[in-house]
Amino acid sequence: MEYEDRLVSGHPEAILKEARPFMELMMEYRCALMEVETKLNVLNEEFALKYNRNPFESIKSRIKKPLSIVEKLNRKGFPVTVESMEENLFDIAGIRVICSFVDDIYAIAALLVQQDDITLIEAKDYIKNPKENGYRSLHLLLEVPVFLAEQKKPMKVEVQFRTIAMDFWASLEHKLKYKKDVADAAEIFGELKECAEIISNMDLRMQDIRDRIEVQRDDARRNC
């Protein structure tokens, strides 16, 4: 019997009973996000104290929407169950960290995975090895313990690190949503990739400028 049929037939408790495991799982993912966000914010504070600047521009977290979860399970041929979600989907809980500079990404990512209660499951470095369309980002799949009332449960969280420029490109590319069967798809693909290269070069130039400024500041302090 479908959910709608149960409601009509006066059995909403059946829906609530089936929904409870899903709601509990989503709560656990939210707790995992809070754990990782707290760790990132602590690193940001420490980094700011040591180097007199914040490495992050922003931190955004999200839980994948139920419809998106179901669609992805169906697309990949997995059962639509709570157990299947945990076993087969690793991006239900996600955090996007926007950094000022490329070297900040690697510095903070290294400090994060070194923590003794964080387990690095997988790393995909699309900064050093961009996707074919030009997409750049550092993706880390982490496992973090969530301390619940009656158990400690390991939960997976995907963390994406990007610079402001990388995020700008990815956001616009996503909004374009061009189809590969349009007449000038190859030309559009090429232009998007060229834009990604331009943005990447800008990231490197801005980092070089920052490094030069910091060297001059250090020299000035030593000469005081």
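**The second largest pocket**

Reply: The second largest pocket holds about 320 Å³ of space. A pocket here is an open set of points on a 1 Å grid over the protein atoms alone, where a 1.4 Å probe fits, with protein on both sides within 12 Å along at least five of seven lines. Its volume is the space filled by probe spheres set on the points, which are joined across faces, edges and corners.

This is a predicted model: local features need pLDDT of at least 70, side-chain atom pairs count only at pLDDT 80 or more, and totals for chains, interfaces and linings use all residues. Residues are numbered from 1 along each chain as its sequence is written, and side-chain values use heavy atoms, without hydrogens and water.

Now the lining. It has 13 residues, each with an atom within 4 Å of a point. Nearest the centre lie Arg96, Tyr135, Arg162, Ala170 and His174.

Strand S5 and helix H6 (164-176) each supply at least two lining residues. H6 gives the most, with six. Helices (H or I, at least four residues) and strands (E, at least two) are DSSP runs, numbered from the N terminus.

By class, the lining has three nonpolar, five polar and five charged residues. Ala, Val, Leu, Ile, Met, Phe, Trp, Tyr, Cys and Pro count as nonpolar; Asp, Glu, Lys and Arg as charged; the others, Gly among them, as polar.

Compare the largest pocket. Its volume is about 720 Å³. The residues closest to its centre are Lys72, Asp91, His139, Glu158 and Gln160. Its lining has seven nonpolar, five polar and eleven charged residues.
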